[in-house]
Amino acid sequence: MGRQVERVAVIGTGLIGASWASAFLAAGLDVTASDPGDGAAERLRASVAAHWPSLEAIGLRPAADPGRLTFASNAAEAVEHADFVQESGPEDRAIKRDLFAVLDAAAPPHAVIASSSSTIMVSEFQDACAHHPERIVLAHPFNPPHLIPLVEVAGGVRTSAAAIDTAMAFFRTIGKHPIHLKKEVRGHVANRLQAALWREAFHLAEQGVASVADIDAAIAHGPGLRWALLGPFMNLDLSGGSAGIRGLLNSPLGAATRAMWDDLGAPSDDPGLTEAIAAGVADARGGRERAEIVAARDAVLIELLRRKADAAVLP
Ligand SMILES: NC(=O)c1ccc[n+]([C@@H]2O[C@H](COP(=O)([O-])OP(=O)(O)OC[C@H]3O[C@@H](n4cnc5c(N)ncnc54)[C@H](O)[C@@H]3O)[C@@H](O)[C@H]2O)c1
């Protein structure tokens with residue numbers, strides 16, 4: 001552990017694995033991938049080609065080359081010479097357990113083995129690793145990992161501090177923004193924060209407080225703009241003016257903010273709510289194809305990522 005990463009293995013090349021492979025190639029690394037799905041190799045090459053223009057726009061490392069991608073016939077072969085392994089197989093505990101046992105047996109001892117898992121915790125499959133369970137970490141990306149910098153890094157009960165340090169350093173080196181979770185928690189940090197917002201958004205829609213389009217606008221044309229630049233605590237610190245977050249929380253507005261937490265609701269599980277939200281989103285899309293919206297979103301996101309990288313005063 002701790003040695004420079006030159007060769008990465010990407011295990012599972014669906015939506016997330018293909019995006020990770022693109023990110024690693026753009027960082028100038030050798031990538032060996034594997035996925036048992038029919039036609040997976042061709043799909044992966046097509047995904048990398050599709051992601052490449054965005055990666056070029058963000059900025060490729062000098063040695064970046066999609067030609068440095070190879071496809072192995074199985075997971076054990078893929079990790080044989082890896083310095084770092086990123087697993088993105090199905091979100092299924094039994095599959096992760098079997099897969100990690102294979103990866104741990106086949107990967108060189110110095111290689112950290114990371115899982116992209118959104119909801120399964122490292123401690124739930126780490127004990128299937130008979131050789132070096134201390135090198136198993138969570139490295140949870142955000143879709144699409146080739147564009148979004150955040151990576152949530154966490155250890156399981158048997159993970160070493162050295163493995164966490166190696167993973168954090170590796171992701172920083174390739175231009176990602178890793179955060180370290182000191183405890184395992186279902187859904188990690190960012191998805192739990194999103195879940196809190198979604199819960200209230202669905203509740204407000206069900207209560208008929210505003211239309212689906214207007215609830216979306218309340219974020220996308222409101223606080224969401226700031227949230228792309230600063231997190232909830234720093235935003236609150238700035239809202240407190242010269243008194244900062246402490247002054248704000250100790251003011252009547254702070255008390256009122258806390259009172260609002262107690263007033264938040266929960267949506268029902270009425271299938272009619274799903275239908276109503278889906279119809280509201282379709283109305284808001286107004287006949288535009290999803291692919292058109294994704295392309296426009298990613299184009300603006302790339303500009304934002306570039307500007308953020310230049311704005312050194314932002315944390
Ligand atoms: N979709 C997201 O937004 C998102 C975001 C962050 C993390 N994740 C996590 O990433 C992982 C992959 O999610 P996804 O959305 O790419 O799923 P996906 O279904 O698109 O891809 C999973 C891939 O795993 C392959 N696979 C099946 N069995 C396998 C095995 N035994 N070994 C290796 N590969 C195998 C499948 O052929 C498929 O290509 C999951 O753990 C998920 O929780 C997903």
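**The shell around the ligand**

Reply: Let us begin with α1, which, with three residues, gives the most to the shell around the ligand. Keep in mind that this is a predicted model. The helix α1 spans 15-26, and along with α4 (93-106) and the strand β6 (136-141) it belongs to the elements that each supply at least two residues of that shell. Altogether the ligand is surrounded by 24 residues, of which G12, G14, I16, G37 and S118 are the closest. If you sort the shell by class, you find 12 polar and 10 nonpolar residues, together with two charged ones.

Now step back to the whole chain. The protein is divided into two parts, with domain 1 covering 7-181 and domain 2 covering 191-310, and the C-alpha centres of these domains lie 30 Å apart. Where they touch, domain 1 provides five residues to the contact and domain 2 provides six; on the side of domain 1, these are three nonpolar and two polar residues, with no charged ones.

The protein contains 13 helices and eight strands. Its radius of gyration is 21 Å, close to the 20 Å that the globule rule gives for 315 residues, so the protein is as compact as a globular protein of that length. Along the principal axes, the C-alpha atoms fill a box of roughly 60 × 45 × 45 Å, and 30% of the 315 residues count as buried. Finally, among contacts between residues at least 6 apart in sequence, 70% join residues at least 24 apart.

Technical notes
Residues numbered from 1 in each chain as written. Predicted model: local features only at pLDDT ≥ 70, side-chain atom pairs only at ≥ 80, totals over all residues. Near = placed C-beta within 6 Å. Helix = DSSP H or I, 4+ residues; strand = E, 2+ residues; numbered from the N terminus. Nonpolar A, V, L, I, M, F, W, Y, C, P; charged D, E, K, R; others polar. Domains from an automatic or database assignment. Contact = placed C-beta atoms within 7 Å. Rg over C-alpha atoms; globule rule 2.2 N^0.38 Å. Buried ≥ 20, exposed ≤ 12 C-beta atoms within 10 Å, placed from the backbone.
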